[in-house]
Amino acid sequence: MTIRYPNGKLYTPNASVQKTEKKSKNKDLSFSNRGKTLEDEINEANDYYIKRRLAIIHKKPVPVQIVKVEYPSRSAAVIREAYFRTPSTTDYNGVWNGHYIDFDAKETASKTSFPLKNIHEHQMTHMQQVTEQNGVAFIIVRFSAYERYFIVPYEVLQKAWQAMENGDRKSIPFSIIEEEAYEIPTSYYPRIDYLPIIQQLIDAKCYGSESEEK
């Protein structure tokens with residue numbers, strides 16, 4: 001099936017993510033996690049949170065306009081071409097403990113950095129708007145080579161994005177991720193229990209705001 005963006009450009013899934021997913025399917029990490037993508041793991045955590053009334057966080061539906069359908073038989077329809085109605089913002093949003101949560105999920109096979117090409121300008125604009133309304137905006141990144149997970153706050157992304165626009169590097173070094181992001185420890189179920197790490201992010205932001213006021 002052909003899918004296009006609102007401007008008519010052909011949609012192609014991120015190559016690095018495809019490679020990451022392929023590697024993750026072949027890598028024997030554990031019986032519970034074998035073959036799962038980052039999206040699978042986040043969805044698993046979200047289901048866990050909802051069932052236990054801890055948070056309400058869902059994957060956002062992507063609005064698609066179908067423009068070409070073929071009917072090989074009366075009982076079957078095949079979509080041949082479709083368009084995204086609007087540019088996507090982020091993958092997930094919801095509410096937890098009185099906080100609006102909005103984030104994207106990214107995977108990279110790189111061992112040295114997180115490529116900023118994995119983020120689009122309209123996503124940065126959206127996360128900025130969320131932050132301006134006192135929402136909590138970030139991305140969850142999985143470094144597949146290390147099987148390590150990080151919450152990268154919007155503020156860290158914004159600093160790197162601004163540097164890139166000023167002619168600096170087009171990625172965030174892994175050392176900066178380790179220093180300025182928040183690592184999510186893995187467990188059995190859910191594999192990535194990310195809510196406690198969001199609390200660390202919120203606590204750090206509140207502490208920073210109090211310090212600035214003083």
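Where does Gln123 have its place? The place of Gln123 is in helix H3, where helices (H or I, at least four residues) and strands (E, at least two) are DSSP runs, numbered from the N terminus.

1. Basis of the note. The model is a predicted one, in which local features need pLDDT of at least 70 and side-chain atom pairs count only at pLDDT 80 or more, while totals for chains, interfaces and linings use all residues. Residues are numbered from 1 along each chain as its sequence is written, and side-chain values use heavy atoms, with hydrogens and water left out.

2. The sheet. An open sheet is formed by six strands in the order S2-S5-S6-S8-S9-S11, with mixed pairing; two strands pair if DSSP finds at least two bridges between them. Strand S2 (56-59) and strand S11 (182-184) stand at the edges with a single partner strand each, so one side of each is left without a neighbour in the sheet. On average, neighbouring strands of this sheet are turned by 25 degrees against each other, direction ignored. Axes here are lines fitted to C-alpha atoms, for helices over the stretch in contact, and angles run from 0 to 180 degrees between N-to-C directions.

3. Strand S8 (residues 136-143) pairs with strand S9 (residues 148-153) in the antiparallel sense, over six bridges, and Phe143 has Arg148 in S9 as its bridge partner.

4. Helices on the sheet. Helix H3 (residues 121-132) lies across strand S6 (99-108) and S8, and runs at about 135 degrees to S8. Helix H4 (residues 154-165), in turn, lies across S8 and S9, running at about 75 degrees to S9. Contact means heavy atoms within 4.5 Å.

5. Packing of H3 and H4. The two helices H3 and H4 pack at an angle of about 135 degrees, and their axes are 11 Å apart. That makes H3 oblique to H4, since angles under 35 degrees count as roughly parallel, over 145 as roughly antiparallel, 65 to 115 as roughly perpendicular and the rest as oblique. On the H3 side Glu121, Met124, Met127, Gln128 and Thr131 take part, meeting Tyr154, Glu155, Leu157, Gln158 and Trp161 in H4.

6. Annotated positions. The UniProt annotation "binding site", from an unreviewed entry, covers Thr89, Asp91, Asp104 and Gln123; such annotations may be inferred rather than shown by experiment, and UniProt positions are given in the numbering used here, with feature names shortened. Asp91 lies in the loop between strand S4 (76-84) and strand S5 (92-96), and, not counting residues up to four places away in sequence, Asp91 touches His58, Lys59, Lys60, Phe103, Asp104 and Ala105.

7. Backbone points to check. Most residues other than glycine have a negative phi, and most peptide bonds are trans. Asn97, found in the loop between S5 and S6, has a positive phi of about 50 degrees although it is not a glycine. The peptide bond from Tyr189 to Pro190 is cis, with omega near -10 degrees, and Pro190 has its place in the loop between S11 and helix H6 (195-213).
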